Amino acid sequence: MVNPAAAARRALPSVDRLLGSEAVAVLIAAHGRTRVTAFLRRALDVERERLAAPDAGAFDQTRFLQSCAVTLERSAAPSLKPVFNLTGTVLHTNLGRAVMPESAAAAVMAAMTRPVNLEFDLATGARGERDSHVERWLAELTGGEKAVAVNNNAAAVYLALNTLALKHEVLVSRGELIEIGGAFRIPDIMSRAGVKLVEVGTTNRTHLKDFAEAITPRTAAIMKVHTSNYVVQGFTATVPESDLAKLAHEYNLPFIVDLGSGTLINLEEYGLPHERTPRETIADGADVVTFSGDKLLGGPQAGLLVGRKDLMVRIAKNPMKRALRLDKLTLTALDAVLRLYLHPERLHEELPALRLLTRSAGDIAAQATRVLPAVAAALGDDWKVEIAACKSQIGSGALPVDSLPSSGLAIMPAEKKGNLNKLAAALRALPAPVIGHINDGALMLDLRCLDHEDGFVAQLPQLKISKQ
Ligand SMILES: *Cc1c(COP(=O)(O)O)cnc(C)c1O
């Protein structure tokens, strides 16, 4: 008796025979022999199992190799790639926050492919300090005596607390015990830094005398945290930084301020709402100020500490600094971005983060008019597209209640035919995924951050919206 399943399995070619075929030669050229061999072995195993089923049908080598080609191609594609951020949130943490200038990219390219004087003093030929490359700009731009740079602001806060207050108490207002997306909570960072948090005042009101009464011989610092992603409104009271600094200094304690976003310029001069700067904070008496490199500053992911020289020297000597330090690529990018700040009058053109934040609604609406026909053509008759006014967010917790008048495309199903989630998925499946947001029965594409307009339009014909 013939067992059809066994016969089908016997008909399966060996890996060696497949490797000799012309179709597989194409795969080897694209993906290499090692990867293709391992892949074919696994795929044949799967096929053998499939053929064991009673009505599995026959083995079709052409279709088998076609499906292998598709899977290999898909698995070799990078998963981290450029996208179009049309969410309306300019500094979108999940989309990599600040977009950086070409000058930074060019500098990083050189630093990647050639040796650099990362920790080498060219004047003396002796060992140098890696942070020195950005410290000179940070001191000039903030008024701090010395700077330290680490991997991100969470690391900066950790390092400051761990250096200055290990096994001691740090006073923080109850209204500032913040949580930032992605599990950054001030109380958790404090306990991991080996510091005891002493909560002062109440959620909505904290007074100077609350801090004064909480100081004990175990107190090692007073800390203020920027309430980045929320505002306490109504019956509120906070203590001005200058008063907290004075109190801290009366007791010989350092005053630490976590500024979060930390823009280096007066945003009002660019038509944006005011956000406190490290310079203002230091002028008000802060001894250590920490902030992010990739929020309003518009640079790479980094955490920056600026302030009093003696404290910065101690922070730089903390053994954990070594674990949290910046690499040469980030330092190179940061240096290139900070140098743009030396020409504040050109900054709104040269720093992408600021350029996008200061784009006028009229300019964005003109762009919406330009791209609308291509979007409508790609969508077809199941959808209608309109230009709509909208509001962009700055993002990354900066200025959470302020929004910027913007413009974009609102896409709606025509006669309730299209499914908005399917449309959003199809846009995400494009070679350079397009990320919008669904709001009020429409998929909204806020065009504030649409650079590379030609690339956006060029890939639209590949849009495939699934019907089921
Ligand atoms: C964003 C933020 C942080 C965390 O900064 P990262 O650079 O994301 O690590 C810490 N504190 C405040 C107040 C923030 O806004």
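Into which domains is the protein divided? In this predicted model, local features need pLDDT of at least 70 and side-chain atom pairs count only at pLDDT 80 or more, whereas totals for chains, interfaces and linings use all residues. Residues are numbered from 1 along each chain as its sequence is written, and side-chain values use heavy atoms, with hydrogens and water left out.

The protein comprises domain 1 (4-76), domain 2 (84-93 + 356-462) and domain 3 (141-326), with bounds taken from an automatic or database domain assignment. A distance of 59 Å separates the C-alpha centres of domain 1 and domain 3.

Helices and strands are described here as DSSP runs numbered from the N terminus (helices, H or I, at least four residues; strands, E, at least two). Helix H3 (residues 22-31) packs against H4 at an angle of about 125°, their axes being 7 Å apart; axes are lines fitted to C-alpha atoms, for helices over the stretch in contact, and angles run from 0 to 180 degrees between N-to-C directions. H3 is therefore oblique to H4 (angles under 35 degrees count as roughly parallel, over 145 as roughly antiparallel, 65 to 115 as roughly perpendicular and the rest as oblique). In this contact (heavy atoms within 4.5 Å), Val 24, Leu 27, Ile 28 and His 31 of H3 meet Arg 33, Arg 35, Val 36 and Leu 40 of H4. The residues comprise five nonpolar, one polar and two charged, where Ala, Val, Leu, Ile, Met, Phe, Trp, Tyr, Cys and Pro count as nonpolar, Asp, Glu, Lys and Arg as charged, and the others, Gly among them, as polar.

Helix H4 (residues 33-51) also packs with helix H5 (residues 61-76), at about 125° and with axes 11 Å apart, so that H4 is oblique to H5. By class, the H4 contact with H5 holds 10 nonpolar, two polar and two charged residues.

The axes of helix H8 (residues 153-165) and helix H13 (residues 309-317) come within 9 Å and cross at roughly 105°, which means that H8 is roughly perpendicular to H13. Here Leu 159, Ala 160, Thr 163 and Leu 164 of H8 meet Leu 311, Arg 314 and Ile 315 of H13.

Two aromatic pairs were found across the whole structure (rings of Phe, Tyr and Trp, its six-membered ring, with centres within 6.5 Å; planes under 30 degrees apart count as stacked, over 60 as edge-to-face and the rest as tilted). Phe 84 and Phe 456 form an edge-to-face pair, 5.5 Å centre to centre with 75° between the planes. This pair links distant parts of the chain, 372 residues apart, with Phe 84 in strand E1 (residues 84-85) and Phe 456 in helix H20 (residues 453-459).
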